[in-house]
Each structure stands twice: as structure tokens, then as C-alpha cells.
Amino acid sequence: MTINNLYQKALDEMLTASSDDCQHFFVENNCVLELAYWELLHKNPQKAAKIFETIADKDIRAHWGIFVSHLVQGEAHGYPTYFELRNFFEIDLDLFFTYYLGNYIENIIRYADWLFTINPEVLKFIGRSFLVNGYDKYGLLFLKQAREYFFNDPEMHYLLAEYYTKENDIENAQKAIKNCLSILPAYFPALTLQKKLKLNCKK
């Protein structure tokens with residue numbers, strides 16, 4: 001197996017929480033960013049932050065890693081950028097669900113309104129992450145909050161439509177699809193779901 005294959009195997013093990021053996025690979029092959037994430041996901045955020053700091057000047061993900069390592073401890077040190085929130089926030093939140101790090105998630109949620117002022121999509125990211133990880137009611141709460149502040153986001157309306165469809169609340173699902181398509185008429189997932197609902201209603 002090539003080094004690239006071994007790296008991908010170790011990375012997949014960490015991302016899926018399927019094995020802790022990947023730590024040895026990260027250490028032996030000087031995978032600094034990945035090792036920092038391993039520490040973060042294994043409840044060592046202070047150690048993770050120190051490792052992130054060693055490469056923060058040349059790796060934007062490490063800069064974000066320092067911030068999120070403090071955030072999961074209930075502390076906001078510095079400011080994340082709009083693009084850091086867009087590119088990394090939801091990915092990391094999903095990882096914390098994968099590792100059952102409820103305290104991390106709670107600490108992040110406390111800062112949701114503040115993070116929203118930096119990137120308005122944050123509430124949608126949180127809502128979608130809760131939905132994907134099986135916490136539908138919490139997901140709905142954040143998506144409704146996102147709708148109040150950022151109504152012109154077609155994806156947010158589509159996510160609401162998906163939720164209502166899952167709950168067999170066809171009336172609200174159709175309303176959400178209508179809102180989505182009024183903003184972006186060519187939004188393909190919404191058009192597909194709309195057709196699906198019409199077919200089901202005819203049965």
C-alpha cells in the first residue's frame with residue numbers, strides 16, 4: 001500500500017471514528033494538522049490548539065483550528081473569517097456529532113448568534129447538521145431562526161421542505177418549496193421534491 005493510500009486510510013479512520021490507530025500514522029509522518037484534529041476529537045482541545053499554532057501561519061485550516069479549539073471550551077478567542085465559517089464550521093460540527101461530543105456542540109451553539117453576525121449562513125449550517133445527525137426538532141428550530149434573519153436563502157427553504165416532507169406535513173412542505181422557488185426558480189432539488197410530492201398526492 002502506498003503512502004498516499006495509508007494516509008487516506010488513516011484520515012478515513014479519524015473522520016469516521018472507526019479506529020484510533022490513525023494517531024500513530026499522523027505522528028510518524030508529521031501530519032501536523034491531522035494530529036491536532038485527532039487531539040481535538042479526543043477531548044484534548046488545549047493540546048490541539050498548541051499543535052495548530054505551530055502551522056497557523058501557513059495553513060488557514062490550522063488558524064480555524066485554534067479558534068474552534070477554544071470555542072469548544074466555551075471561549076471565543078479572536079474572530080473567525082466569513083470563509084472559515086463557510087468552509088469548516090459545518091464539517092467540524094458534524095465531526096463532533098460523530099464523536100458524541102455533546103459538550104463541544106453545546107458550547108458552540110452558545111455562540112451561534114455572534115457567529116451569525118460574521119456569516120449569516122451559520123444558523124442554516126447548524127440546522128442542517130442537526131437534521132443530518134438525527135436531531136430533527138433541534139434542526140427545525142435553527143432553520144426557522146435562519147428563515148427569520150436570512151429569508152432569501154433558497155437552500156434554507158429547501159431544507160425546511162425536506163424536514164416537513166419527512167414529517168408528512170405536506171402543506172408546510174409545499175409552502176417551503178414555493179418560497180425556495182420564488183427566490184431561485186431553477187433550484188433543482190426543490191423542483192425534484194415538488195414533483196415527488198405531486199405524484200404522492202395523486203396516489
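Asn168 counts as exposed, because its relative accessibility is 61% and the cut-off for exposed is over 50%. Keep in mind that this is a predicted model. Where does Asn168 sit? In the loop between helix 11 and helix 12, residues 170-183. Its backbone deserves a look. Phi of Asn168 is near 60°, a positive value, and the residue is not glycine.

Next, Tyr100. Here phi is near 55°, again positive in a residue other than glycine. Tyr100 lies in the loop between helix 6 (82-98) and helix 7 (102-109). Buried or exposed? Tyr100 has 73% relative accessibility, so it counts as exposed.

Now a helix pair. Helix 9 covers residues 122-132, and helix 11 covers residues 154-166. They pack at an angle of about 25°, and their axes are 11 Å apart. Helix 9 is therefore roughly parallel to helix 11, since angles under 35 degrees count that way. The crossing of the two is left-handed. Which residues make the contact? From helix 9, Lys124, Arg128 and Leu131. From helix 11, Glu155, Met156, Leu159 and Tyr163. The residues of this contact divide into 4 nonpolar, 3 charged and no polar.

Last, the core. In soluble globular proteins, nonpolar side chains tend to be buried together. The largest nonpolar core here has 66 residues. Which of them touch the most other members? Met14, Phe89 and Phe96. Take Phe89. Leaving out residues up to four places away in sequence, Phe89 touches Trp64, Glu84, Ile108, Leu115, Val122, Phe125 and Ile126.

Definitions and conventions
Residues numbered from 1 in each chain as written. Predicted model: local features only at pLDDT ≥ 70, side-chain atom pairs only at ≥ 80, totals over all residues. Heavy atoms only, no water. Axes fitted to C-alpha atoms, helices over the stretch in contact; angles between N-to-C directions. Helix = DSSP H or I, 4+ residues; strand = E, 2+ residues; numbered from the N terminus. Parallel < 35°, antiparallel > 145°, perpendicular 65-115°, else oblique. Left-handed = near helix turned anticlockwise from the far one by under 90°. Contact = heavy atoms within 4.5 Å. Nonpolar A, V, L, I, M, F, W, Y, C, P; charged D, E, K, R; others polar. Core = buried A, V, L, I, M, F, W, Y, C linked by side-chain atoms within 4.5 Å. Buried < 20%, exposed > 50% of the residue type's maximum accessible area, 1.4 Å probe, protein only.
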